[in-house]
Amino acid sequence: MVSLEYRGALGQDPTVLAWARQVFEDHPHALGVVNSHHIVKANGDFSGEGKQIYEAMKAVDNVQLMTSGHIKEIRARRTDDHKGHKIHSMLADYQDLIVPEDNCAGGCGYMRIWRFSPKKNQLKVETYSPSLAKSMAGPQEQFTLTVDLSAATGVFALLGQTSGPGEALAYTVDGLGPGVTYEWYAVV
C-alpha cells in the first residue's frame, strides 16, 4: 500500500507518482493498493487528483485497488478497465455521520473491513461499527470485488490442524527453518 498526500488544486506531484509507480513495479507479486485523501467524488467520478493517480497506475498490473475519503457521509465506487487490467476505486468517509436511531454522531465508529479470499480471488467489503456492533446494509456498504490474488494462492501448505477448547488448541510444527518467514491463519 502506498499513501499519497492530498494536494488539492496543486494536483499530484509527477515525481511522487513516478516514485509510487516504481514501488509497485519493484514488487510485481504484491497486491497494489493506492490510498490518498481524494480519489473518487460523490458521484463516482474521479477527482482531479484521482484521475492523475489512475493515469499513473492504470498500466501497473498489480495495482488493483484505490481508496480515499474526503467527502463526508458519502460512499461511492467505480471500476475502470485499461486493456483488461481492472482497478477498483472506493470512497468511504463516515466522520460526520449522524444516526439518530442509534443515538450517535461523529461517524458512529463505522469503518470498512476488507476480507480477502485468495482461493476465490475476491475482496469482500463490509461497513461495520464495533461500537454499535452492527453493519450497514446496501450495495455501497456491502459488496464483493474480483481481484487477482494469484500470487497468494498455491504458496500455502497445510502443516497441521487442531480444534477444541483450552490446551487442545496447542499445535507444534516441526521442521521450521531459521530466517524464513511463515504465515498462518485460524478459522474461528
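Strands (E, at least two residues) and helices (H or I, at least four) are DSSP runs, numbered from the N terminus.

Notes on the model. This is a predicted model, in which local features need pLDDT of at least 70 and side-chain atom pairs count only at pLDDT 80 or more, while totals for chains, interfaces and linings use all residues. Residues are numbered from 1 along each chain as its sequence is written, and side-chain values use heavy atoms, with hydrogens and water left out.

Entry: accessibility. I use buried for under 20% relative accessible area, exposed for over 50%, and partly exposed for in between (1.4 Å probe, protein chains only). Glu 126 counts as buried at 17%, whereas Arg 115 is partly exposed at 47%. Of the 188 residues of the protein, 34% count as buried.

Entry: overall layout. I find two helices and nine strands, in the pattern β-α-β-α-β-β-β-β-β-β-β along the sequence. The C-alpha atoms fill a box of roughly 55 × 50 × 30 Å along the principal axes.

Entry: other salt bridges. The search of the whole structure gives 10 salt bridges. Asp 96 and Lys 72 meet in one of them, at 3.4 Å, N to O. Asp 96 lies in the loop between β5 and β6 and Lys 72 in the loop between β3 (63-68) and β4, so this pair ties together parts 24 residues apart in sequence. Asp 96 is partly exposed at 33% relative accessible area, and Lys 72 is partly exposed at 45%. I also noted Arg 7 with Glu 5, at 3.9 Å, N to O. A network of salt bridges links Lys 51, Glu 55 and Lys 58.

Entry: disulfide. With a disulfide taken as a pair of cysteine sulfur atoms within 2.5 Å, I count one. Cys 104 and Cys 108 form it, with their sulfur atoms 2.1 Å apart. The torsion about their S-S bond is about 95°, so the disulfide is right-handed. Both cysteines are buried. Cys 108 sits in the loop between β5 (85-93) and β6 (111-117), and its phi is near 60°, a positive value in a residue other than glycine.

Entry: another positive phi. Ala 133 has a phi of about 55° although it is not a glycine. I place Ala 133 in the loop between β7 (122-129) and β8 (134-135), where it is exposed at 55% relative accessible area.

Entry: helix α1. Which residues of α1 are buried? I list Leu 17, Ala 20 and Phe 24. They cover an arc of only 65° around the axis, which puts them on the same side of α1; the arc is that of the directions from the helix axis to the C-beta atoms.

Entry: a strand contact. Ile 74, in strand β4 (residues 74-82), is 19 residues from Asp 93 in sequence and 5.9 Å from it in space, C-alpha to C-alpha. Ile 74 is partly exposed, at 26% relative accessible area.

Terms used:
A salt bridge is a side-chain nitrogen of Lys or Arg within 4 Å of a carboxyl oxygen of Asp or Glu.
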